[in-house]
Amino acid sequence: MTRYMYLNGTILLEEQAHISPLDIGLLRGYAVFDLLRTVGGRPFLLDEHLERLHTSARQLGLQVPARDEEIARAIDELLERNGHEEATVRLVLTGGVSPDGMAYDPATPTFFILTHDLHEPAPELYERGGRLVTELHHRELPKAKTTNYLTMLRNKPRTAAAGALDVLYHDGTLVSETGSASFYIVSAGCIRAPHKDVLRGTVGDLVLRLVAGRYQIELGELRLDEVFAADEAFVTSTTRGVLPIVEIDGQTIGDGQVGPVTRELMAIWARHAFGEGGTQR
């Protein structure tokens with residue numbers, strides 16, 4: 001199928017795009033990205049994702065080489081040309097060409113945008129809840145959304161064998177986030193989440209704003225033992241929305257069912273994102 005992409009200021013066919021093998025994003029993984037989705041065919045939370053992209057870029061000493069308005073126009077054109085019903089939009093920024101694999105020029109980065117058909121979790125997963133497995137890991141530059149997903153990807157066989165969605169990172173005591181989502185628990189009606197050294201989640205931030213007057217919210221340290229003793233758990237992400245977690249490392253969370261707080265958050269999120277009567281799928 002013919003697909004178009006944006007590369008360094010130009011929209012072209014994907015098969016016509018060329019990125020140098022000397023790009024430091026390839027040679028050293030020196031790159032950041034962000035991912036957003038469409039709702040009704042339009043980019044959703046675009047401003048928040050662009051803000052996070054800029055934040056990630058600054059962490060690596062990079063600058064996004066296009067104005068936000070240009071990026072928005074490029075996304076609109078790609079969505080129109082590629083004809084998705086619903087899509088994910090991936091924005092990738094690297095340090096650019098590096099002749100020796102070490103030096104790079106922040107003034108000449110590589111920046112490209114890809115769109116793909118949106119793939120969401122199966123609807124039944126929101127009814128029965130998902131599983132996680134834990135992994136001892138601390139992300140380097142946790143405030144930046146880098147392209148380094150080594151720990152998550154090398155654990156793919158393990159998560160698949162466990163029927164799990166993702167790995168939940170911890171340092172032996174404190175939990176941080178999953179490989180691709182923000183993580184939360186509910187204890188005695190209070191929503192709790194790690195706050196230090198985690199990537200800001202656009203969906204998670206919005207959900208917490210939507211329910212700020214309805215529930216007590218505590219952002220801070222979250223211990224592993226508190227996770228296993230929680231009444232409920234859930235993750236948030238661009239493509240998953242609010243997704244309940246009922247088992248971690250084979251241990252049941254709460255009563256093993258999707259809890260009432262998580263169900264309400266799912267409904268509030270769905271109404272906000274998809275309109276009255278909307279669902280996450």
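Q: Is E218 buried, partly exposed or exposed, and at what relative accessibility?
A: In this predicted model, E218 counts as partly exposed, because its relative accessibility is 35% and that class runs between the 20% and 50% cut-offs.

Q: Which side chain does E218 meet in a salt bridge?
A: E218 meets the side chain of R192, with 3.6 Å from N to O, and the pair links distant parts of the chain, since R192 lies in strand β11 and E218 in strand β12 (residues 217-220), 26 residues apart.

Q: And R192, buried or exposed?
A: R192 is buried, with a relative accessible area of 15%, so it falls under the 20% limit for that class.

Q: Which residues are linked with R192 and E218 in a network?
A: The network of salt bridges links R192 and E218 with R223, D225 and E226.

Q: How many salt bridges turn up in the whole structure?
A: The search finds 17 salt bridges, and one of them joins E177 to R139, whose closest N and O atoms are 3.0 Å apart.

Q: What about R81, which residue does it bridge to?
A: The side chains of R81 and E77 meet in a salt bridge of 2.7 Å, N to O. The two residues are separated by about one helical turn, because they are four residues apart in helix α3 (residues 68-82). R81 counts as partly exposed at 41% relative accessibility, and E77 counts as partly exposed at 31%.

Q: Which ring does the charged end of R81 sit over?
A: The charged end of R81 sits over the ring of Y4, 4.7 Å from the centre of that ring.

Q: Switching to aromatics, how many pairs are there?
A: The count comes to five aromatic pairs. Among them, Y30 and Y104 have ring centres 4.9 Å apart and planes at 40°, so this pair is tilted. Y30 lies in the loop between α1 (24-27) and β3 (31-39), and Y104 in the loop between β5 (87-94) and β6 (110-117), 74 residues apart.

Q: Why do you call that one tilted and not stacked?
A: The angle between the planes is 40°, whereas stacked pairs need planes under 30 degrees apart and edge-to-face pairs need over 60, so the rest count as tilted.

Q: Which class do Y184 and F234 fall into?
A: Y184 and F234 form a stacked pair, 4.9 Å centre to centre with 5° between the planes. Y184 is in strand β10 (residues 182-187) and F234 in strand β13 (residues 232-237), 50 residues apart, and both residues are buried.

Q: How much space lies in the largest pocket?
A: About 1100 Å³ of space lies in the largest pocket. Of the 50 residues that line this pocket, F33, K145, Y149, G179 and S180 are the closest to its centre, and by class the lining has 18 nonpolar, 20 polar and 12 charged residues.

Q: And the second largest pocket, what volume does it have?
A: The second largest pocket has a volume of about 320 Å³, and it is lined by 18 residues, with V198, L199, R200, G201 and D205 nearest its centre. The largest share of that lining, three residues, comes from β10.

Key
Residues are numbered from 1 along each chain as its sequence is written. This is a predicted model: local features need pLDDT of at least 70, side-chain atom pairs count only at pLDDT 80 or more; totals for chains, interfaces and linings use all residues. Side-chain values use heavy atoms; hydrogens and water are left out. Rings of Phe, Tyr and Trp (its six-membered ring) pair if their centres lie within 6.5 Å; planes under 30 degrees apart count as stacked, over 60 as edge-to-face and the rest as tilted. Buried means under 20% relative accessible area, exposed over 50%, partly exposed in between (1.4 Å probe, protein chains only). A charge sits over a ring if NZ of Lys or CZ of Arg is within 6 Å of the ring centre and within 35 degrees of the ring normal. On a 1 Å grid over the protein atoms alone, a cavity is a set of points where a 1.4 Å probe fits but cannot get out, and a pocket is an open set with protein on both sides within 12 Å along at least five of seven lines; lining residues have an atom within 4 Å of a point. Grid points are joined across faces, edges and corners, and a volume is the space filled by probe spheres set on the points. Ala, Val, Leu, Ile, Met, Phe, Trp, Tyr, Cys and Pro count as nonpolar, Asp, Glu, Lys and Arg as charged, and the others, Gly among them, as polar. A salt bridge is a side-chain nitrogen of Lys or Arg within 4 Å of a carboxyl oxygen of Asp or Glu.
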